[in-house]
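I opened this model to look up its charged pairs and its surface. My notes follow the order in which I checked them.

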Amino acid sequence: MRAAAIQFVATPFARERNLQTAERLIRAAAAQGAQLAALPELFNTGYAYSPRLPQAAELPDGPTARWLAGLSAELGVTLAGSLLTREGGRVHNTLLLVEPDGTRHTYRKRHPFLWENCYFERGSEPRI
């Protein structure tokens with residue numbers, strides 16, 4: 001399996017810009033034969049310790065999750081990326097792995113580091 005580690009500096013709180021950058025890089029990786037592409041942590045919102053960070057959380061099937069699923073299906077590439085999700089008033093740093101057939105796997109970060117504890121809660125599920 002050919003895998004790609006997608007790296008870029010995500011602009012804080014500029015989701016559309018970050019998704020455009022990620023898409024360009026994912027398409028380039030797919031064109032080079034990548035079957036799996038992993039995005040940086042909080043690729044859609046940027047990683048910034050700010051009171052605005054929890055407000056950037058999306059529903060588990062929000063716009064970024066739908067974007068990942070659509071691009072995965074279109075390109076036939078499994079995509080993985082973490083984003084903040086909001087469920088029942090709780091914010092989690094959630095890794096979403098989407099397969100081209102639409103199958104989704106999630107993992108909520110179990111060990112927030114230092115300041116992360118101020119912005120999202122630890123997950124409790126087993127690993128993927």
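These entries cover the salt bridges and then a surface patch.

**Entry 1: the model.** I am working from a predicted model. I keep that in mind for every distance below.

**Entry 2: salt bridge count.** How many salt bridges does the structure hold? I find five. I went through them by residue.

**Entry 3: R27 and E23.** I looked at helix α1, which spans residues 15-31. R27 and E23 both sit in this helix, four residues apart. That spacing is about one turn of the helix. Their side chains meet in a salt bridge at 3.0 Å, N to O. Buried or exposed, or in between? I checked both partners. R27 has 31% relative accessibility, so I log R27 as partly exposed. E23 comes out at 24%, so E23 is partly exposed too. The cut-off for buried is under 20%.

**Entry 4: R27 again, with E74.** Which residue forms a salt bridge with R27 at 2.9 Å? I find E74, with the distance taken N to O. This pair links distant parts of the chain. E74 belongs to helix α2, residues 63-75, and R27 to helix α1.

**Entry 5: R104 and D61.** I found the side chains of R104 and D61 joined in a salt bridge, 2.9 Å from N to O. This pair also links distant parts of the chain, 43 residues apart. R104 is in strand β5. D61 is in the loop between β2 (36-38) and α2. R104 has a relative accessible area of 34%, so I log R104 as partly exposed. D61 stands at 44%, so D61 is partly exposed as well.

**Entry 6: a network.** Which residues are linked in a network of salt bridges? I list R15, E16 and E58.

**Entry 7: nonpolar patch.** I turned from charges to the surface. Y49, L114 and W115 form a nonpolar patch there. Together they have about 380 Å² of accessible area. I followed up on L114. L114 lies in the segment after β5 (104-108). Why do I log L114 as exposed? Its relative accessible area is 58%, and exposed means over 50%.

Methods: Residues are numbered from 1 along each chain as its sequence is written. This is a predicted model: local features need pLDDT of at least 70, side-chain atom pairs count only at pLDDT 80 or more; totals for chains, interfaces and linings use all residues. Side-chain values use heavy atoms; hydrogens and water are left out. Patches are made of residues with over 30% relative accessible area and no salt bridge: like charges are joined within 9 Å, nonpolar side chains (Val, Leu, Ile, Met, Phe, Trp, Tyr) within 5 Å. Accessible areas come from the Shrake-Rupley method with a 1.4 Å probe; for residues, only the protein chains shown count as cover. A salt bridge is a side-chain nitrogen of Lys or Arg within 4 Å of a carboxyl oxygen of Asp or Glu. Helices (H or I, at least four residues) and strands (E, at least two) are DSSP runs, numbered from the N terminus. Buried means under 20% relative accessible area, exposed over 50%, partly exposed in between (1.4 Å probe, protein chains only).
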